[in-house]
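Hi everyone, thanks for making time. Have a look at it on the screen and then I'll start.

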Amino acid sequence: MFTVGVKFENVTKMYQNGRPAVQGLSLEVQSGELLVLIGPSGCGKTTTLRMINRLEEPTSGTIYVDGHDVRSYNPIQLRRGIGYTIQQTGLLPHMTVEQNIELVPRLLRWDKKRRQERVRELLELVGMDYRAFAHRYPRQLSGGQQQRVGVLRALATDPPVILMDEPFGALDPISREVLQTELKRLQAKLHKTIIFVTHDIDEAMRLGDRVAILRDGQLLQVGTPTELLHAPQDEFVAKFLGRFLSLPQSPVDEVRQLIQTGESRILKELPSGERVVQMGSFPWCFLIDDQGVLKGATCQVPEDLEQWKSIIWQEAASIKETDTPDIALKRLIEGEAEALPVVDEERHLVGIISHRSAIKALSSGVGRVSV
Ligand SMILES: Nc1ncnc2c1ncn2[C@@H]1O[C@H](COP(=O)(O)OP(=O)(O)OP(=O)(O)O)[C@@H](O)[C@H]1O
Ligand SMILES: [Mg+2]
């Protein structure tokens, strides 16, 4: 497999006057990894991204993409291999969704048929119907839809490296969560090397294979969410992790180990091949497609199953089986949910996790939990 990582070697960036925006940054992003850069406003996140695709040049130090110094690439060619979503979606308002997405393919002189097929395929990837959306202008989309299109534009030519600068920053918490789940699902399929900038620690802990914490242009600590929680380097990092630290540490690593399945009962098969199922004694109903992919949930059993679609919560919150139990518990508490569905990387429904089982599992073995 073609592998493309990104490496910073002692990189410093000074703008004309003032303190360094980035200082002595050394960091390696593995191929296929989603690395989150997080830190307060002005700490150098955007500058760090912009040096990778040479929109800015470092004052000193070297950046490597796929093992080669970025200065050895022609900047235009380099940028074609790197998808970039800028802070705010950066969609061009006078262009339709389709024209926005096919911007780079057009520059690469793909023919019309190939471009159209790609746009169709991409929109499908995030559940947007081509006929309904391709010809709208950005102002005719919701914030979440605009952000999706921004992400698709970065994916258009299937670049191995993607830089995302607060792509979901402008969204309300629920839409944000939906897009985060979508990004995780896409990433499980596409295995891109992604550097993702955010201010939001919840987002960082949920998305990042590793999280790098920056302050005043300097890297304070980098590690997996679990590593950071177990050993925050200093007070600043601990403060940043905030309430994640006040949650109990778990003796198990993944939600996978806490899933309850019970017997699953099919309440109804819809003509579309979708099924309405219940699991064990859990009162919720889930809608899954013929492949078992979670399509929605509702906390009441629809009296008339035909009316299922009108009461379903289509973008149901769910927990990944690979999420850590502390994240699951936090989400259960925040969502005031008794239980939530658990899905695998492909969003297949694999079980449920209840508040009670999470707490029980967390408290067994460590004996210091009270939530
Ligand atoms: N073109 C520029 N000229 C001079 N200074 C700049 C320029 N761009 C950024 N800076 C400064 O460099 C520092 C880092 O800016 P940067 O945009 O990288 O921060 P950031 O972490 O992305 O912040 P935010 O979270 O607000 O987007 C800031 O102090 C900023 O004022
Ligand atoms: Mg920024």
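**Around ligand 1**

Let's begin with Gly-44, where a backbone N or O atom sits 3.0 Å from an oxygen atom of ligand 1. Before I go on, keep in mind that this is a predicted model. In Thr-47, a side-chain N or O atom is 2.6 Å from an oxygen atom of the ligand, and in His-199 a polar side-chain atom is 3.1 Å from an oxygen atom of ligand 1. How much of ligand 1 does the protein bury? On its own the ligand exposes 640 Å², and 60% of that is buried by the protein.

Who else is around? The shell of ligand 1 includes Ser-41, Gly-42, Cys-43, Lys-45 and Thr-46, and also Tyr-15, Ala-21, Gln-87 and Glu-166. Sorted by class, that shell has seven polar, three nonpolar and two charged residues.

The largest cavity holds about 70 Å³. Two or more of its lining residues come from each of H7, strand E7 (161-165) and helix H8 (173-190), and H8 has the largest share, with four residues. If you want to find the spot on screen, look for Val-151, Ile-162, Met-164 and Leu-190, which are among the lining residues. By class, nine of the lining residues are nonpolar, one is polar and one is charged.

The second largest cavity comes in at about 50 Å³. Which elements each supply at least two residues to its lining? Those are H7 and H8, and H8 again gives the largest share, four residues. Val-126, Phe-168 and Leu-179 are part of this lining, and so are Arg-148 and Glu-182. The class count here is six nonpolar, two charged and no polar residues.

**One pocket to finish**

Last stop, the second largest pocket, with about 490 Å³ of space. Its lining has 18 residues, and those nearest the centre are Arg-79, Ile-82, Tyr-84, Leu-103 and Val-104. Helix H2 (75-80), strand E6 (82-85), helix H4 (103-107) and helix H7 (143-155) each put at least two residues into that lining. As for classes, 11 of the residues are nonpolar, four are polar and three are charged.

That's my tour, so over to you for questions.

Technical notes. Residues are numbered from 1 along each chain as its sequence is written. Chains are lettered from A and ligands numbered from 1 in the order in which they are written. This is a predicted model: local features need pLDDT of at least 70, side-chain atom pairs count only at pLDDT 80 or more; totals for chains, interfaces and linings use all residues. Side-chain values use heavy atoms; hydrogens and water are left out. On a 1 Å grid over the protein atoms alone, a cavity is a set of points where a 1.4 Å probe fits but cannot get out, and a pocket is an open set with protein on both sides within 12 Å along at least five of seven lines; lining residues have an atom within 4 Å of a point. Grid points are joined across faces, edges and corners, and a volume is the space filled by probe spheres set on the points. Ala, Val, Leu, Ile, Met, Phe, Trp, Tyr, Cys and Pro count as nonpolar, Asp, Glu, Lys and Arg as charged, and the others, Gly among them, as polar. A residue is near a molecule or strand if one of its heavy atoms lies within 4 Å of it. A polar contact is a pair of N or O atoms within 3.5 Å; within protein, one must be able to donate a hydrogen and the other to accept it, and residues adjacent in sequence count only if both atoms are side-chain atoms. Accessible areas come from the Shrake-Rupley method with a 1.4 Å probe; for residues, only the protein chains shown count as cover.
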